[in-house]
Amino acid sequence: MRIFDRSRVRTAALAFIAAAALVGGGTVSTHAAVAPAKKGPTSVAYIEVNSNSMLNAGKYKLANGGGNVFDVAVIFAANINYDTTKKSAYLYFNDNVQRVLDNVQTQIRPLQAKGIKVMLSILGNHQGAGFANFSSKTAATAFAKQLSDAVSKYGLDGIDFDDEYAEYGNNGTGQPNSSSFVYLVSALRANMPGKLISLYNIGPAASRLSYGGVNISSMFNYAWNPYYGTWGVPGIALPKSALSPAAIDFAATSSSTAAALAKRTVGEGYGVYLTYNLDGLDRHTYVSAFTQQLYGSDAVYTP
């Protein structure tokens, strides 16, 4: 588990994705604006939608050139749950995640119109279901379809895997095996070849990237360090341009550390900078501490 707490408030009621009502339709806008160009690493913002708005990611621009500070916004988080009757994993949205998805036209499309990609993070939920313990290729492929169907239905830009809190073995589920994550990611990549897939580099799945002669490392677009306030190069065979050894938490990482990690990111040639817990306050001074290092510019906040 990472060294800093991440709030995981969830509702207790179970809900299948198929039961969710979609407001505004799942059609992706095909006329998204082209964001002003910026030179430097890709900036990622995980947003806890239990308490914060996805729109926060679109409120920051670079003073020089007007480019978006954040290139990728991650909805945190949907869950992999376990149906004890069917003995199978399923994709679950708590009320807050479901609210974001039901209101894509006001919560997601405005970000995409600015050129910001919006991904959905998938997290364990203490029920024994995880990415690393599918017992067959068929089971892994079925869950991959649930994920790609959600991306398609809500017009998202990809899926993020965060293998925490699964509590493998609960509800009679199996322990992690070597084939499960390989089957899952392979099927997901086949289902959505043009979308993003990222790896929060933690948990049993992150260390099981190869099976039967197939290595799924190249199927990821990004991978990042899961320990906020630290530097750690993810152990996955991706180019530096796709890796974030730096990880910061707005609520727990000092601005000086955020700036130092950003400076090291550029200095060592890495292409991604990960942030977590962006809230609705005006954080432009804090954000400027790392954008100065990443892009040579202060950040401007617009409510």
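**Close-ups of a predicted model**

View 1. Let's start with Asn 81, a residue of strand β3, which covers residues 72-83. Keep in mind that this is a predicted model. How buried is Asn 81, going by its relative accessible area? The value comes out at 0%, and since buried means under 20%, Asn 81 counts as buried. Its side chain does have a polar partner, though: Asn 81 and Asn 125 are joined through their side chains by a polar contact of 2.9 Å.

**View 2. Strand β7, covered on both faces.** Here we zoom in on β7, made up of residues 196-200. Five of its five residues are buried, so the strand is mostly covered, with buried meaning under 20% relative accessible area. Which residues sit on each side of β7? One face carries Leu 196, Ser 198 and Tyr 200, while Ile 197 and Leu 199 take the other, and all of them are buried.

**View 3. The strands next to β7.** On one hand there's β6 (residues 158-162), which pairs with β7 in the parallel sense over five bridges. To find your way around, look for Gly 158, whose bridge partner in β7 is Leu 196. Getting from β6 to β7, the chain passes through helix α5 (residues 180-191), and this β-α-β crossover is right-handed. Then there's β10 (residues 222-224), another parallel partner of β7, this time over three bridges. A handy landmark for that pairing is Tyr 200, which stands opposite Trp 224 in β10.

**View 4. Strand β14, from both sides.** Now hop over to β14, residues 272-276. This strand is mostly covered too, with five of its five residues buried. Val 272, Leu 274 and Tyr 276 are on one side, Tyr 273 and Thr 275 are on the other, and every one of these is buried.

**View 5. The strands next to β14.** Which strands pair with β14? One is β1 (residues 42-48), running parallel to β14 and paired with it over five bridges. In that pairing, Thr 42 stands opposite Val 272. The other is β13 (residues 246-249), also parallel to β14 and joined to it by three bridges. Here you can pick out Asp 249, which stands opposite Tyr 276. The link from β13 to β14 goes by way of helix α7 (residues 255-267), giving a right-handed β-α-β crossover.

Key:
Residues are numbered from 1 along each chain as its sequence is written. This is a predicted model: local features need pLDDT of at least 70, side-chain atom pairs count only at pLDDT 80 or more; totals for chains, interfaces and linings use all residues. Side-chain values use heavy atoms; hydrogens and water are left out. Buried means under 20% relative accessible area, exposed over 50%, partly exposed in between (1.4 Å probe, protein chains only). Helices (H or I, at least four residues) and strands (E, at least two) are DSSP runs, numbered from the N terminus. Two strands pair if DSSP finds at least two bridges between them. A crossover is right-handed if, with the strands pointing away from the viewer, the path from the first strand over the helix to the second runs clockwise. A polar contact is a pair of N or O atoms within 3.5 Å; within protein, one must be able to donate a hydrogen and the other to accept it, and residues adjacent in sequence count only if both atoms are side-chain atoms.
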